[in-house]
Amino acid sequence: MGIESYLPEGFVLTTTLEKLVGWARGNSVWPCTFGLACCAIEMMATSLAHYDIARFGSEVFRPSPRQSDLMIVAGTLTKKMSPMVKTIYEQISDPKWVIAMGACASCGGIFQTYAVVQGVDQVIPVDVYLPGCPPRPEGLLAALMKIQERAKNERFRDRPDIVTEEDIKKYCIQRNIPEKIEAAI
Amino acid sequence: MAKASEIIKLIQKKHKKAIIEAQEFRGDPIVIVKKDKLLEVCEFLQKEKKLLFNLLVDVTAVDFLPYKRKPRFDVVYILVSVDHDHRLILKTQVDEGEKVPSVYSLWKSANFPEREVYDMFGIEFEGHPDLRRILMWPGFEYYPLRKDFPVKGFDFDKKWDPETIRENVFKY
């Protein structure tokens with residue numbers, strides 16, 4: 001079947017933990033179900049039979065950010081929507097990645113107006129910028145492969161996912177959360 | 001289906017003094033009425049058997065600031081009669097800071113469009129049941145579709161911080 005059929009009985013493979021974890025993370029990047037505008041249509045097309053994002057292990061679009069690893073910001077981000085996007089991003093557990101899909105999410109696109117955020121990188125950190133208006137499904141798959149590459153080659157110490165006490169205090173002050181909950185975190 | 005000229009004649013016959021101007025444009029009648037007579041005229045348009053305008057399609061406004069016209073705004077009502085299959089564009093003129101009577105009591109569909117006009121132009125509607133902003137968040141200081149508001153807004157080049165409006169948006 002696989003590599004094990006070429007090996008003698010009781011085989012042993014040696015690798016580093018980083019590579020093993022990266023291999024597991026990179027091959028099952030679950031995206032968050034989250035579309036803002038017309039790019040979401042292309043995102044849906046990518047997940048359907050013709051382009052079939054399942055080939056890359058990302059077919060499970062999770063309706064809850066707590067179960068997903070990847071946030072595809074697909075479309076125009078208005079200022080009124082920006083607090084929700086930030087909240088969803090914060091609810092995704094580490095490790096997490098973000099694709100800014102399309103011109104609007106990358107830089108505001110054609111909407112240079114008072115109501116539109118000029119690039120989601122002002123609100124959340126972005127890993128891959130995907131140009132196009134809207135990008136074709138092949139483009140989204142290419143962006144996903146970039147994310148996979150990044151996940152597979154990542155060193156543990158490169159990922160700043162250790163939450164310090166200062167971070168928690170800052171978060172609690174920002175959201176008006178009482179100190180009791182702060183202790184629980 | 002009545003002709004545009006017939007509709008104008010019917011309104012002129014009943015409300016001669018309320019009408020500022022009446023014209024015809026590509027088969028549709030356009031009638032400009034005085035602001036304080038608006039409700040009277042609207043009630044007549046809705047109830048009169050030969051007119052029977054029972055559907056309010058949209059309420060919108062126009063800013064005439066570049067023309068330095070006084071009063072500054074036009075509030076535009078687009079009416080359709082489903083029974084007779086004819087339509088009417090009703091306009092009224094209002095200056096900055098003045099109030100327009102709400103037509104919510106006659107057509108319930110005026111609720112959201114009037115809120116939109118309030119949000120985008122800052123024209124207040126008297127007698128509206130729930131006059132809040134509908135598109136922008138509460139606490140937004142400007143009226144974006146006014147001609148003296150730049151398209152890019154006043155903080156276009158600054159980095160946007162969503163925390164500044166978080167409370168207002170979630171409170172909604």
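Start inside chain A of this predicted model. Select helix α2 (residues 39-47) and helix α5 (residues 137-152) of chain A: they pack at an angle of about 75 degrees, and their axes lie 9 Å apart. Because angles of 65 to 115 degrees count as roughly perpendicular, α2(A) is described as roughly perpendicular to α5(A).

Next, show the side chains where the two helices meet. From α2(A), pick Glu42(A), Met43(A), Ala45(A) and Thr46(A); from α5(A), pick Pro137(A), Leu140(A) and Leu141(A). Sorted by class, this contact holds 5 nonpolar residues, 1 polar and 1 charged.

Now bring chain B into view. Here 18 residues of chain A are in contact with 24 residues of chain B. The two chains bury about 1,800 Å² between them, with 63% of it on carbon and sulfur atoms. On the chain A side, select Lys79(A), Lys80(A) and Tyr114(A), which lose the most area to chain B and together account for 41% of what that side buries.

Last, colour α3 (82-91) and α6 (165-175) of chain A, the elements that give two or more residues to the side touching chain B. The largest share of that side, 5 residues, comes from α3(A). By class, the side of chain A that touches chain B has 6 nonpolar, 8 polar and 4 charged residues.

Note on methods:
Residues are numbered from 1 along each chain as its sequence is written. Chains are lettered from A and ligands numbered from 1 in the order in which they are written. This is a predicted model: local features need pLDDT of at least 70, side-chain atom pairs count only at pLDDT 80 or more; totals for chains, interfaces and linings use all residues. Side-chain values use heavy atoms; hydrogens and water are left out. Contact means heavy atoms within 4.5 Å. Buried area is the accessible area (1.4 Å probe) that two parts lose on being put together, summed over both. Helices (H or I, at least four residues) and strands (E, at least two) are DSSP runs, numbered from the N terminus. Ala, Val, Leu, Ile, Met, Phe, Trp, Tyr, Cys and Pro count as nonpolar, Asp, Glu, Lys and Arg as charged, and the others, Gly among them, as polar. Axes are lines fitted to C-alpha atoms, for helices over the stretch in contact, and angles run from 0 to 180 degrees between N-to-C directions. Angles under 35 degrees count as roughly parallel, over 145 as roughly antiparallel, 65 to 115 as roughly perpendicular and the rest as oblique.
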